[in-house]
Amino acid sequence: MKRRFLRLLERAGLIGPAFRTYERLVSLRPGRPAAIDGPPLPPRRLMVRVAGTADADWFLRSGRAAYDAIAAHVPLAEIDSVLDFGCGCGRVTRYWSDFAGAVRGGDVNTKAVEWCRANLPFARFEINRLEPPLAFEDESFDLVYALSVFTHLTAELQLAWRDELRRVLRPGGHLLVTTHGHSYLPRLDAGERTRFESGELVVRWSDVPGTNLCSAYHPERYLRDTFARGFAFVELEPEGARGNPTQDLVLLRKPS
Ligand SMILES: C[S@@+](CC[C@H](N)C(=O)[O-])C[C@H]1O[C@@H](n2cnc3c(N)ncnc32)[C@H](O)[C@@H]1O
């Protein structure tokens, strides 16, 4: 029923505005208070855009868990520069405040980037467009991570951004992304499930790429055979993206 209604909105060209209204309504729901130790909380609408809820306690705890998941997979002591691609309002970037190297963030959402610029002074932030390029030089970063970003892009945009993120990584640098994998199978309809199980990328609501409504589902075969092209495939940890439950964590390395 919900999907039928969304399809009607899509046909009427109203799906984008309808989803923004939905996010606005979600931001009005009361959330739990949180003890803030660090930068202030972003406005509720910005939190909803990255976390699906304006619950401050979840925003902070899930951001910390996502940072810890990165630290568990990448030797942070050995890196000098990091890019949080699709950083939103800095849910995870805020936990890099003690990092000795360069911290950068980028997002397509101007309001989120402006908030980060004003409130996370230890990092620098850039606005990019829905399509590449980024403003950074070739081989600028040891680590680029994109948490729940490729989950909201069309197949074409994903491959274009994979190549762009590879460009800005140093040889030997890591790309860490999170994806909707096997644990999301129950959300798929029969046709989508068949495609997923045969190794095809499934993308829903591709008319609104970059929004949380557009949802991509990545089977392991697609990740290994298509997405990882140009990289060494280091690992896939099912449901390993701890601050973005229950997404998979995928780690790639740019060859030296
Ligand atoms: C679900 S939110 C996740 C935000 C953040 N990574 C986190 O985990 O808190 C997805 C983010 O990706 C951003 N995004 C979507 N398409 C993008 C693109 N082409 N370039 C940069 N950011 C993009 C959105 O604006 C949004 O901030």
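A charge sits over a ring if NZ of Lys or CZ of Arg is within 6 Å of the ring centre and within 35 degrees of the ring normal. The charged end of Arg-166 sits over the ring of Phe-231, 6.0 Å from its centre. The charged end of Arg-224 sits over the ring of Phe-233, 4.1 Å from its centre.

This is a predicted model: local features need pLDDT of at least 70, side-chain atom pairs count only at pLDDT 80 or more, and totals for chains, interfaces and linings use all residues. Residues are numbered from 1 along each chain as its sequence is written, and side-chain values use heavy atoms, without hydrogens and water.

Next come the rings. Rings of Phe, Tyr and Trp (its six-membered ring) pair if their centres lie within 6.5 Å; planes under 30 degrees apart count as stacked, over 60 as edge-to-face and the rest as tilted. By this rule there are 7 aromatic pairs. The table shows two of them, including Tyr-67 with Trp-96.

| Pair | Type | Centre to centre | Between planes |
|---|---|---|---|
| Tyr-67 and Trp-96 | edge-to-face | 5.1 Å | 80° |
| Phe-136 and Phe-141 | edge-to-face | 5.0 Å | 85° |

Where do Tyr-67 and Trp-96 lie? Tyr-67 is in helix H4 (residues 56–73), and Trp-96 is in the loop between strand S1 (81–85) and strand S2 (102–107), so the pair ties together parts 29 residues apart in sequence. Helices (H or I, at least four residues) and strands (E, at least two) are DSSP runs, numbered from the N terminus.

Buried means under 20% relative accessible area, exposed over 50%, partly exposed in between (1.4 Å probe, protein chains only). Tyr-67 is buried at 14%. Trp-96 is buried at 1%. Phe-136 and Phe-141 are both buried.

Ring pairs also link Tyr-67, Trp-96, Phe-99 and Tyr-145 into a cluster.
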